[in-house]
Amino acid sequence: MKIFFTLMMILCQTVVFAQSPQVDELLRSADNAYEENDYAKAAAAYEKVLLVEHKDHKILNRAGISYFKLENFAKAKDKFRLAALYGPVNDDVTMSSYYSNLSACYTYLNEDSKAFEYALKGYNLDKSSSFAFWNAASNAQNVGRYTDCIKIMNESSLPKLNVLNTLYARSYLGLKEYDKSIKHYEDFFANYVPDEMDVNINLDDERYFYFKALLYGGNQDHLNPEIKKKYQKTQIALFEKLKNTKWAPKILELMLQEKNSADEGKNMSEETLEQIYSKDNLSDLEKIQVENRLGNFKGAYKTGTDYLKSHSDKTTAVYKKMKLYQYVASMSLLLDHFKKNKSEDPHLLKQTISHLKAFYEPNKNYLHTEIEGNTELLEPIQYSFSALRQLYPDEEEKKETAELFYKVLENIPSSEARTFFGKMKELKVFTN
């Protein structure tokens with residue numbers, strides 16, 4: 001989630017009067033509407049003035065701000081671009097404001113590289129401007145230029161206000177320096193001041209990124225157990241504030257990343273997951289994911305089976321996901337039984353193969369490219385390997401399961417896939 005801009009730099013500019021009385025009157029009307037926050041009326045009046053004074057950068061700027069306030073960012077961009085084109089090239093302060101305003105428009109238009117380009121242009125012209133400074137640093141963060149963001153802030157002579165901790169925290173999170181990210185978030189929330197530097201921070205966004213930093217930071221090998229407990233306590237408190245927001249599903253997604261995979265957050269403690277998510281506040285889809293993640297494969301399989309029996313519309317996204325997670329639970333039960341008993345369970349093997357075949361059309365020989373290019377056909381294979389990684393983190397242990405594991409995957413109706421998985425079984429290697 002990138003940072004957007006809710007404030008435009010508005011210069012206190014003297015009203016420019018044109019030669020014509022009619023244009024003078026239009027300009028007065030536009031300025032009055034602008035001062036009264038009637039931006040639609042102001043924009044319309046400025047457009048009429050610009051038919052005559054089309055190179056007046058001050059009028060272009062005010063027209064741009066009016067359109068920006070109306071959230072017509074494309075028109076605002078055009079006006080700011082012209083203001084910069086016709087602006088006073090020797091007036092660094094004014095030109096800086098035009099470039100910064102133009103940058104803000106590009107941000108809202110999701111042209112982030114352009115936004116950063118013009119933000120940096122504006123800041124380099126006027127490094128005394130707190131708006132240009134924030135604009136440049138935050139846009140650097142938006143485009144993933146984390147080192148540049150930190151450099152801009154470190155080298156600035158402007159006061160180091162608390163709100164900058166959000167940019168430091170996000171940048172260090174992007175650089176995977178989790179301890180530093182967490183420290184900056186701790187400082188930010190401990191010293192939070194609303195609307196500092198006229199920047200409107202969305203606290204829920206920052207809480208989510210703070211949660212993410214704690215999740216990844218909590219999995220570092222060097223971490224003191226007491227610090228880890230502190231992190232987990234903070235995570236639970238953050239989730240309480242986020243559980244009814246748009247970020248709750250994203251947090252679940254982070255928490256459900258399978259352990260012992262290559263993903264970040266892989267060793268997140270099951271205790272914390274259990275504290276954050278109880279069965280009472282989970283949807284069926286969330287419940288089956290949590291049960292699979294916590295190793296309650298029987299519970300997950302029952303949740304999936306019950307749902308699929310009670311819902312007849314097989315075309316919904318939820319139905320398809322429940323079908324996938326039911327298969328994952330079945331595969332996990334099969335692998336878990338083998339791990340505990342060193343033998344395969346014929347019933348579980350038959351059940352798992354049946355669920356796998358249900359993802360593919362019978363009597364069809366799929367090409368590799370057909371499966372690779374179709375998420376619904378590819379996911380069962382990918383999730384099979386995820387289940388294997390969760391239960392068998394050790395590479396040597398995985399080799400013990402090769403015969404059983406590929407007995408399942410060899411049932412994908414593709415001669416190319418059967419050949420590939422047959423070789424993998426012989427070599428006792430695992431790749432997806």
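1. Lys79 is buried, at a relative accessible area of 13% (buried means under 20%, exposed over 50%, partly exposed in between, with a 1.4 Å probe and protein chains only). Its partner is Glu47: the two side chains form a salt bridge, 3.1 Å from N to O (the rule asks for a side-chain nitrogen of Lys or Arg within 4 Å of a carboxyl oxygen of Asp or Glu). Lys79 sits in helix H4 (residues 73–86) and Glu47 in helix H2 (residues 39–50), so this contact ties together parts 32 residues apart in sequence. Helices here are DSSP runs of H or I with at least four residues, numbered from the N terminus. Glu47 itself comes out partly exposed, at 25%.

2. Before going on, a word on the source: this is a predicted model, where local features need pLDDT of at least 70 and side-chain atom pairs count only at pLDDT 80 or more, while totals for chains, interfaces and linings use all residues. Residues are numbered from 1 along each chain as its sequence is written, and side-chain values use heavy atoms, with hydrogens and water left out.

3. How many salt bridges does the rule give? The count is 23.

4. Glu403 pairs with Lys425, with the closest N and O atoms 4.0 Å apart. This links distant parts of the chain, 22 residues apart: Glu403 is in helix H22 (residues 402–409) and Lys425 in helix H23 (residues 415–427). Glu403 is partly exposed, at 45% relative accessibility.

5. Lys243 and Glu240 also form a salt bridge, at 3.0 Å from N to O. Lys243 is partly exposed at 37%, and Glu240 is partly exposed at 44%.

Conventions
Helices (H or I, at least four residues) and strands (E, at least two) are DSSP runs, numbered from the N terminus.
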